[in-house]
Amino acid sequence: MLTTLGKGALGGAAACLAAATLTSSLPARDGTAAAGAPPAVAWAPCPNQDPVEGARLRGLDCGTLRVPLDHARPGGATITLALTRLRHTAARSRGVVLLNRGGPGAHGRDMPADFRAAFAPDVVAAYDWIGFDPRGVGASRPALVCDTSYLNPGKPRADTRPASTAEENAWRARARAYARDCARRYARYLPHLGTADWVRDMDAIRAALGASRVNYLGYSYGSYLGAVYASRYPGRVGRFVLDSVVKPSGVWYADNLGQNVAFEKRIGQFFAWIARNRDVYRLGGDAGAVRASYEKARARLKARPAFGLVGPSELDDLFLNDGYTQTTWSRHARALADYLRGDTSGLRREWKPPSRLDQNNFAVYTATQCRDAAWPRDWRVWHRDSARQFRQGYRFETWGNTWYNAPCAYWPLTGGPAPAVGGTAAPLLVQASDDAATPYDGALETHRLFPNSRLLVQAGGGDHGVTLGGDRCVDGAVAAYLRDGTLPPAGPGVDATCTAGPPPAASRAVAH
């Protein structure tokens, strides 16, 4: 369950101008020039109210780019990528920075506005910041949505922890139905939704923007996307920042098993924080007691869902976000405490059903990960690993993660081989030491695969996605790199360390 800087459940056309169809073949891996001139993106001011992003694109430029559905057939069918631009304001541009939020399947056209609001002003002024919705996502066309009942049946989902073979088989049937629905709707597109296709799209964007090299900042899955691009096109890599780093050798089944272990540790840290604030939340005096309170709430919701919509699986969805970011800790602890005292208003306020954008994210996540790499096709392997991890005490995420990815057991296409990662590029890797979604060993492995890279670790940090997270040490290092190429001196292993700030303060007040 990789996804973005925050996961939701079980985890109109854009007002942009169309550019010419891309008809030239893309450059080869050795960097030779392609025949023909690539198209340019036709930019126009984004609407004040975008059909997908609402008001978040105000002040940006919008554009589209048509790219081949199958990059091996550049003269064949095309699809549309939707882009945004925050144009440089300095006297001289330092080039373009492509931004990716992760997923795979996360929208991205709003990202330049995030950097405009919170990053070093002189660095923001120096670049053209490019947000884009990857193929299949958001305002790009087509945008994929499969069987929406898998995430949102209109009632509480079945408990992700199967209590019997019959319950497990019912989940398997739902996963199989989701895969079949995707195949029915998008048979033409599914073969072309892997990371290798996204990388070719990135290079098409680079060419359309007239850049010989591209700069990049990608989070989570975006770190893997950037690593694969840097491996395939090392001569076109400018300043690359890979934040919250995926472990390439685990793509993707093994990485999910690793997440189950890491999320158990992280939720334990959250429960310990609640316990330290026992006078505020009264959920228990140690992490074990808080966990017991959580399990009590989970059992009560299974017997009687809150307001007919929130059962144990939805509670897990809500608290999964606390494994991604501690910004929600106080609100969610309050909602749990209030619920156990008979007040469901906190759960009603905090839990939201998956939106259409969430459904789109999940469809593209599934299509990409199932296509990228081989997944077990024998369900006995899934059951064995999930039951073993749950038995070993990795209870919080294991079965939820299993069902989040289970459509890959029944996907109409065989996945793999996974794209190669490694080479001469020198990206800056940014990693929180206690990140649960992309555990620490992924950054160490990627650092070894790119011997010229630098690894910046936020020691004691547990949030997923560190840059722009409020750590001035991290943001300063990333800004220095983008400003003039300054990297930490190479060292044995970790090259630089920032110390994470303290956890949030507990709040008695309810945020509305």
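I take a disulfide to be a pair of cysteine sulfur atoms within 2.5 Å.

**Entry 1. Basis.** I worked on a predicted model, in which local features need pLDDT of at least 70 and side-chain atom pairs count only at pLDDT 80 or more, while totals for chains, interfaces and linings use all residues. Residues are numbered from 1 along each chain as its sequence is written, and side-chain values use heavy atoms, with hydrogens and water left out.

**Entry 2. Inventory.** I looked up the disulfides and found that the structure holds four. I then numbered the bonded cysteines of the protein chain in sequence order and read the pairing as 1-2, 3-4, 5-6, 7-8.

**Entry 3. Cys-473 and Cys-498.** I found the sulfur atoms of this disulfide 1.9 Å apart. The torsion about the S-S bond is about -70°, so I noted the link as left-handed. Cys-473 lies in helix α16 (residues 472-484) and Cys-498 in strand β10 (residues 496-499), so the pair ties together parts that are 25 residues apart in sequence. For these elements I used DSSP runs numbered from the N terminus, with helices being H or I of at least four residues and strands being E of at least two. I next looked up accessibility, where buried means under 20% relative accessible area, exposed means over 50%, and partly exposed lies in between (1.4 Å probe, protein chains only). Cys-473 counts as partly exposed at 38% relative accessibility, whereas Cys-498 is buried at 2%.

**Entry 4. Cys-370 and Cys-408.** I found a disulfide here with its sulfur atoms 2.0 Å apart. It is left-handed, because the torsion about the S-S bond of Cys-370 and Cys-408 is about -95°. Cys-370 belongs to helix α12 (residues 356-372), and Cys-408 sits in the loop between α14 (398-405) and β8 (428-432), so the pair ties together parts 38 residues apart in sequence. I recorded both Cys-370 and Cys-408 as buried.

**Entry 5. Cys-46 and Cys-62.** I found the sulfur atoms of this disulfide 2.1 Å apart. The link of Cys-46 and Cys-62 is right-handed, with 105° about the S-S bond. The pair joins distant parts of the chain, 16 residues apart: Cys-46 is in the loop between β1 (44-45) and β2 (61-68), and Cys-62 is in strand β2. Cys-46 is buried, with a relative accessible area of 9%. Cys-62 is also buried, at 1%.
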